[in-house]
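Q: I have a structure open here and want to go through some of its details. Can you walk me through it?

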Amino acid sequence: MTDKPIDGIYPVLALRDIVIFPNVIVPLFVGRDKSIAALKNAMEQKKQILLITQMDEQMDSPHTGDLFRVGILANVLQLLPLPDGTIKILIEGVTRARVMDWTQNDPFFEAHAVSLPQKEEDDTKIDALMRSVFEQFEKYAQLSGAVTHDIVASVSNVKEPAKFANIVITHIATKMEEKQKILELDSLADRLSAIFDLMEKEIEVFNVERNIRKRVKKQMEKSQREYYLNEQMKAIQKELGDSADDAGELGELEKKIKDAKMSKEATEKALTELKRLRIMGGMSAEAGVIRNYIEWLIALPWSAQKELQLDLKKAEQILDEDHYGLKKVKERILEFLAVQKRTGHVKGSILCLVGPPGVGKTSLGQSIARATGRTFVRASLGGMHDEAEIRGHRRTYIGSMPGKIIQSMKKAGNINPLFLLDEIDKVGNDYRGDPASALLEVLDPEQNKTFSDHYLDVDYDLSNVMFICTANDVSHMPSPLLDRMEIIRLSGYTEDEKVEIAKRHLIPRQLELTGLKKEELTFDDASILEMIRSYTMEAGVRQLEREIAKIARKVVKEIQTKSIKNVQITPKNVKKYAGVPHHFFGIADKEDEIGVSNGLYYSEIGGGILPHEVLTMPGTGKIMLTGKLGDVFKETVEAARSYVRAHADDFGISDDKLNKQDIHLHVPEGAQPKDGPSSGVAIVTALVSALTGIPVKKQMAMTGEITLRGRVLAIGGLKEKLLGALRAGIKTVFIPTENKNDLEELPDNVKRDLKIIFVSKIEEVLNQVLTRPLSKKK
């Protein structure tokens, strides 16, 4: 069947949010002036009217460019004016038509339109499509609920394919754009296929919605069932006389919540959870979780503050009592406390005490707490890999609990303790998160006012807490974390300082721990010095205290078994009580040696000397490196070797020695990794000594980075290196001129016992460290 050919000029009625198809009777309400004018013209001229949908349904006054080009010609069956000025009409779609040209815009739209003929198509294909579309339409009608059985029955009686397609698409609730696309399709097969696809998509949406409704209904039924059972349980408990106890407990919890002086957010959260607990009843599995959560909120300090001690003189006195030496460190701490006293708050930099083990970082934190009157709490971060240890676990996990920060605040019992984050450089990260990143919020004064713990799920104020961190080595710590802290370095102690620390703190503590009286065990200064030199090799005093403890235990045993009244420890009997010496003081070479120079090292456990040994042997000029050397160290060796080769004539080194001898550079203690550029001077000295055969003077050490031009550049860790040199029996040390200002921080006995020579060129070292002058090659 084909549509009746039409070609003429027709008044146009613009439709909003509706697409009308042929063979369909639809009621419309007409209210716009242009639409009413077009309708009146059609009635007066006894013409059909062209119905075209506008592209934007929100537009009140569309232009011709805002209308689609394809619509339908329709007959007006009924027309009924309404009291409000609008007109209700009943129209019947006749055929599809395309606008060829717009002939009029005012007072109504008028267009030249031609009908769109129906093409002849394969009847078998059309029949198959009609059958598929009808099956899909039945499913759609069943799921949507908007299409009645009568409509489905009437559609089944339609045998004409075009009319069938028009009626089906009219009853599908979909977007206007989708219907317009189908209206514009010329091929009936294409229209039927598009209708099938559209219904399939809608059916899929209906199925999803139905599943969602089922789940919601099931959940509601479950909640209603739980409520009913809880009510029954309450009734049973009432009969048994248990409800009064539960009501009393919950009432007590509510009172505690109101008395806890929490933040508004925390109070609302606690009361909400308490309400859930009341409804749930004590027998519920989740009741214990909720009760535990409420008790955590109640137990935390929200407003309780400890009165602080802000007397700087008393603070200085306490620091001096607890720690000997550390003058610069104490000054910086007192400056920090003075600013706090002046401003009245702790906002500002977070102190980070950095130094080798055993120098008193943790105990210094305890002293600061005592000096300021704050409660001391400590959290060890060593080996921490899980972010949840800082922020806590969410309550969805079984056995969840708050992180270390909140746990420590509960332990402190007030909102202004001194919080020591110990071993912050030992924090790691893996697939469970990065604890260092979680610490950024804790240590940032601008953020920690609203610290969020995953377990609490409410903001907690940490802005009144005084945070102090400790670390051995900050070189591997994340930059953003370091940026939030002010580094205060605690270097190793000198021998004189260790002797005083032993007399003032270590010996009295061990006497108390072992139950000895002062007169029963005494040490003279010489014996303590002997223990420091022969039994310890450390920057701090931890090993020294262990040796004193060992001696004290042996003395206790002797007093109890041999009836000895007291023991005096002297350098002569130290070995009897402390055992065989572990170290040898003055490990620097006793003789001048060829190819051996003493460099200086600095690590997280302190400083010391590092011998550099060079041997030459027949070969082809290759160099071998051993001693577990790092990349920077190897590059330093290459730079030193290049400098020596370039100045071989000045040093009197022949070409045969450079090209026909292999060089082996070894740095002892091969199991210990070594890296850094500060061995440059020592490497050049050892190479020149080995290749010229001139010995290096004994009891001399050197440090400094070397350049290809022979300049000696500044190094780090000077204090620790010089203390190590002094412990090793070195008498003379060569250091870069650029490090001259660092000598101000050195103890007086180091400056007194070491001869320190400043150098800016490698030649200055070679001229003084070799036993005889270098002779130029002739």
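Q: Let's start with N448. Buried or exposed?
A: N448 is buried, because its relative accessible area is 4%, and buried means under 20%. One thing to keep in mind is that this is a predicted model.

Q: Where is N448 found?
A: In the loop between α15 and β10.

Q: And what does the side chain of N448 reach?
A: The backbone oxygen of V442, at 3.1 Å.

Q: What is phi of E423, then?
A: Near 55 degrees, which is a positive value in a residue other than glycine. E423 is in the loop between β9 (418–422) and α15 (435–443).

Q: What is the relative accessibility of E423?
A: It is 24%, so E423 counts as partly exposed.

Q: And D457, what about its phi?
A: D457 has a positive phi of about 65 degrees, although it is not a glycine. The residue lies in the loop between β10 (451–452) and β11 (459–460). D457 has a relative accessible area of 45%, so it is partly exposed.

Q: Changing topic. How many salt bridges does a search of the whole structure find?
A: The search finds 30. Side chains of opposite charge can pair when their charged atoms come close.

Q: Start with K256. Which residue does it form a salt bridge with?
A: With E252; the closest N and O atoms are 3.9 Å apart.

Q: Where do K256 and E252 lie?
A: Both are in helix α7 (residues 243–259). They are 4 residues apart, about one turn of the helix. As for accessibility, K256 is partly exposed at 42%, and E252 is partly exposed at 45%.

Q: Which residue meets R332 in a salt bridge?
A: E335, with 3.9 Å from N to O. R332 and E335 are 3 residues apart in helix α11 (residues 327–343), so about one helical turn separates them. E335 counts as partly exposed, because its relative accessibility is 44%.

Q: And R752, what does it pair with?
A: R752 forms a salt bridge with D496, and the closest N and O atoms are 4.0 Å apart.

Q: Is R752 buried or exposed?
A: R752 counts as exposed, because its relative accessibility is 57% and the cut-off for exposed is over 50%. D496 counts as partly exposed at 41%.

Q: Which residues are linked in a network of salt bridges?
A: E500, K503, R504 and D525.

Q: OK, surface patches. Which residues gather in the patch of negative charge?
A: D17, D56, E57 and E177 gather there, on the surface. D17 lies in the loop between β1 (7–15) and β2 (25–30). With a relative accessible area of 45%, D17 is partly exposed.

Q: And which residues form a nonpolar patch?
A: V208, I212, V216 and M220 form one on the surface. Together they have about 350 Å² of accessible area. M220 is in helix α6 (residues 188–240).

Q: Last one, L754. Where is it found?
A: L754 is found in the loop between α26 and β24 (755–759). L754 is buried, with a relative accessible area of 4%.

Q: What separates the C-alpha atoms of L754 and T64?
A: A distance of 100 Å, and the two residues are 690 residues apart along the chain.

Note on methods. Residues are numbered from 1 along each chain as its sequence is written. This is a predicted model: local features need pLDDT of at least 70, side-chain atom pairs count only at pLDDT 80 or more; totals for chains, interfaces and linings use all residues. Side-chain values use heavy atoms; hydrogens and water are left out. Patches are made of residues with over 30% relative accessible area and no salt bridge: like charges are joined within 9 Å, nonpolar side chains (Val, Leu, Ile, Met, Phe, Trp, Tyr) within 5 Å. Accessible areas come from the Shrake-Rupley method with a 1.4 Å probe; for residues, only the protein chains shown count as cover. A salt bridge is a side-chain nitrogen of Lys or Arg within 4 Å of a carboxyl oxygen of Asp or Glu. Lys and Arg count as positive and Asp and Glu as negative; His and the chain ends are not counted. The place of a charge is taken as NZ of Lys, CZ of Arg, CG of Asp or CD of Glu. Helices (H or I, at least four residues) and strands (E, at least two) are DSSP runs, numbered from the N terminus. Buried means under 20% relative accessible area, exposed over 50%, partly exposed in between (1.4 Å probe, protein chains only). A polar contact is a pair of N or O atoms within 3.5 Å; within protein, one must be able to donate a hydrogen and the other to accept it, and residues adjacent in sequence count only if both atoms are side-chain atoms.
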